[in-house]
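Notebook open, structure loaded. I'm jotting down what I look up as I go, starting with the fold of one chain and ending with the contact between chains.

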Amino acid sequence: MNAATATAADAPDPQIAIRCEGLHRYLGQGEGRVHVLRGVSFEAKRGQVYAIVGPSGCGKSTLLYLLGLLDQPDKGHIWIDRHLMSNSGDEARTAARGEHIGFVFQFHFLMQEFTSLENVMMPMRKLGRLSVEAMAERARSLLTAVGLGDKTHRLGTQLSGGEQQRVAVARALANQPAIILADEPTGNLDAKNSTIVFDLLTRLAKENGQAIVLVTHNPEIANRCDVIRPMRDGLFV
Amino acid sequence: MSTNLQIAFRFLVAKRRAMLLSLTCTVLGVGFFIVTQATTSGFQDLFIKTLLETDGAIRIQDEIQDTMRSMAAAGNDPKESFQIEEKEGRKYIEGIPQPALLMEALRSFSNVAGMAEVLHANVFITSSFKEDTAQLYGINIDESSIDNFFHVSDLSSQIVAGDLGDFRTNPNRILIGTVLARRLQVAPGDSIQIKVSASQADQRRYKIAAVYETGVEDIDKVRVFMHLEDARSLLHKPTEASYIQVTLVDKDRAPADAARMQLTLKHSAAPWQQREAVWLTVFRALKVSSALTTSIFTLIAGIAMGSTLFMIVMEKTKEIAILRSMGYTPRDISSIFIWQAAIVLLVGCLAGCALGAGVTYAVNQIPLPLRGIFKTNVFPVTWLGWHYFWAVFVAVVVVMIASLIPARRAARLQPGDVIRGTAQ
């Protein structure tokens, strides 16, 4: 399928939050250029949790960044909420990220100069749909939901690793995105905190009918997902 | 507060030590720029004020006559043809033969505020101590006349000894400069003799009514003022004047007015900018030089700001990436860094202006008795809003240009590359 024929009609199922087809991606330059994704197709439905697993370097994270519109494919198409996004400009992709996608990374990437409440409010302030009071209220309720209701005014540096990742989960859910993309969200946590973060992520997302796509090396986490998609050498197997 | 501004402020506060150099240099750059401009302008303005108060804005003097042009005549016989070659140009006839007519014509110039005729000649002056050369200035001091010399000069307020009233009311009285008085060892009340040439036997005796001080050495050591009528009598010039001293409502229009006067009145007209072009050029060069020197601080501020912002960009790549993943546009990212520069600039410029004003005030209190080309007892300064404007303008331009590069670099960071760890 070429770009000219790829339209919204190609993604008719309203339950499908994100879909990609025939994604190719090369990384590196010259002799170091690697064909990381070799025509990957994938779709994620609302309310479902997907685990992408596979050995290091198989293209899991690259696929996740393409789905999250953080990167552009060399070939192939991506639909977010039935809108073709793979060929859009930076402005449209940035807007789509803010509105439809929430990210959780292996490293929390909290802004250390801000409190946990301010970190959670950060995506909401950019989207600008709520008043400041409403944003603060929602941020507080999300932090309470992740068990940090009493630490809303602590700076990132004053929280443990597990707590920081929970703040990152709350931040990913702030704008009620249709899709949550998580890259090794528990990769930097101990077993107890891994379970807490995964449970939180899946429970809150399912309550809101959000599609979760997570990349993990942890078989226990993968086994608890609704769908497991193993990858090898840039393709689903 | 906008989100971008809030993020910028937090980043800035976290890096306040690194920003301190940039802030300090901005403060010093703005402050010193203001102080140096205030002081150099202070000297320049005092010089201009002095020269306007002593010699007026325009001096109308010698009559201009166009010289003959070259002529050629051709005859039937080539031998009968002839040519008269003259060096083309102008001829100046010294003095103003009919000053009253010229002054009447000058009144039609709207910018003219006042005028006075002056009769001038070199003389020999003898006291009981020694003989010296001097320049005699016959001035009209008739209080009922609108063309009174005191209307176009500040001479009346430059009296440092003696009684100006004595000079005004009595004939055969003179005003003498401080330097000349010191040379001749004379004081108010003393008599001196004046003659026009060294060989002249006819000497006239005058009484010193007062001693003046303009602060201009070249004036105070030679000029002797006497009543116009006395001067006419001494110099045997019953009607003419050497020049007419003109003051203007707007002194800066002097060159244009002088050009028009010269064209219409057929007398040379010299504006103050032309008469003192050398000194004015020196002052202008000093102002530019001091502005460039002090701008080095601002340049350092710009470099410091650029490098600090670069450092922040390098340290905050992950934060930039996460902001981009949340929907923040490249313009948002760029503005976060521009805001940081703007905050430093705002604080730096405000503090710099305060520093500049404070130091200018303090400098103005420093005792500095100076004589030579003007007279002052304190360090002269000029309070001018433009100095503050230009100081801030230079700082804004330099610091903002220096900030644009790291800001653009931050905006160009690709979030996918950063998170993947391949961002350069």
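Predicted model: local features only at pLDDT ≥ 70, side-chain atom pairs only at ≥ 80, totals over all residues.

**Entry 1: chain A overall.** I started with contacts in chain A between residues at least 6 apart in sequence: 72% of them join residues at least 24 apart. I counted seven helices and 10 strands in chain A. The radius of gyration of chain A comes out at 18 Å, close to the 18 Å from the globule rule for 237 residues, so chain A is as compact as a globular protein of that length. Along the principal axes, its C-alpha atoms fill a box of roughly 50 × 35 × 35 Å. Buried residues account for 51% of the 237 in chain A.

**Entry 2: the four-stranded sheet.** I traced an open, antiparallel sheet in chain A with the strand order β2-β1-β4-β5. Its edge strands are β2 (34–45) and β5 (83–84) of chain A, each pairing on one side only. I then followed β1 (residues 16–27) and β4 (residues 75–80) of chain A, which run antiparallel and are joined by five bridges. In that pairing I find His24(A) opposite Lys75(A) of β4(A). What lies across this sheet? I looked at helix α1 (residues 60–67) of chain A. Helix α1(A) lies across β1, β2 and β4 of chain A, at about 125° to β1(A).

**Entry 3: the six-stranded sheet.** A second look at chain A gave me another open sheet, ordered β6-β7-β8-β3-β9-β10, this one with mixed pairing. At its edges stand β6 and β10 (235–236) of chain A; each has a single partner strand, so one side of each is left without a neighbour in the sheet. Helix α5 (residues 161–173) of chain A packs on this sheet, where it touches β6 and β7 of chain A, and its direction makes about 170° with that of β6(A).

Next I checked pairings. β3 (residues 49–53) and β8 (residues 211–215) of chain A pair in the parallel sense over four bridges, and Ile52(A) stands opposite Val215(A) in β8(A). β6(A) and β7 (residues 179–183) of chain A are also parallel, with four bridges between them. There, Phe103(A) has Leu181(A) of β7(A) as its bridge partner.

Are the faces of β6(A) covered or open? Both are covered: Ile101(A) and Phe103(A) on one side, Gly102(A) and Val104(A) on the other, are all buried. I reminded myself that side chains in a regular strand alternate between the two faces of the sheet.

Entry 4: I took Ile179(A) and skipped its neighbours within four places in sequence; its contacts include Ala17(A), Ala44(A), Ile101(A) and Val213(A).

Entry 5: Most residues other than glycine have a negative phi, and I went looking for exceptions. Arg82(A) has a positive phi of about 70° and sits in the loop between β4 and β5 of chain A. I get 17 other C-beta atoms within 10 Å of Arg82(A), so it is partly exposed. Glu184(A) also has a positive phi, near 50°, in the loop between β7 and α6 (191–207) of chain A. Is Glu184(A) buried or exposed? With 20 other C-beta atoms within 10 Å, Glu184(A) is buried.

**Entry 6: along helix α6(A).** I picked Ala191(A), which lies in helix α6 of chain A. From Ala191(A) to Asn208(A) I step 17 residues in sequence and 26 Å in space, C-alpha to C-alpha.

**Entry 7: chain A against chain B.** The contact takes 23 residues from chain A and 18 residues from chain B. On the chain B side, α1 (3–14), α11 (317–325) and α14 (415–420) each supply at least two residues. Which helix gives the most? α11(B) does, with five residues. By class, I noted eight nonpolar, five polar and five charged residues on that side of chain B.

Methods
Residues numbered from 1 in each chain as written. Chains lettered and ligands numbered in written order. Contact = placed C-beta atoms within 7 Å. Rg over C-alpha atoms; globule rule 2.2 N^0.38 Å. Buried ≥ 20, exposed ≤ 12 C-beta atoms within 10 Å, placed from the backbone. Pairing = 2+ DSSP bridges. Axes fitted to C-alpha atoms, helices over the stretch in contact; angles between N-to-C directions. Nonpolar A, V, L, I, M, F, W, Y, C, P; charged D, E, K, R; others polar.
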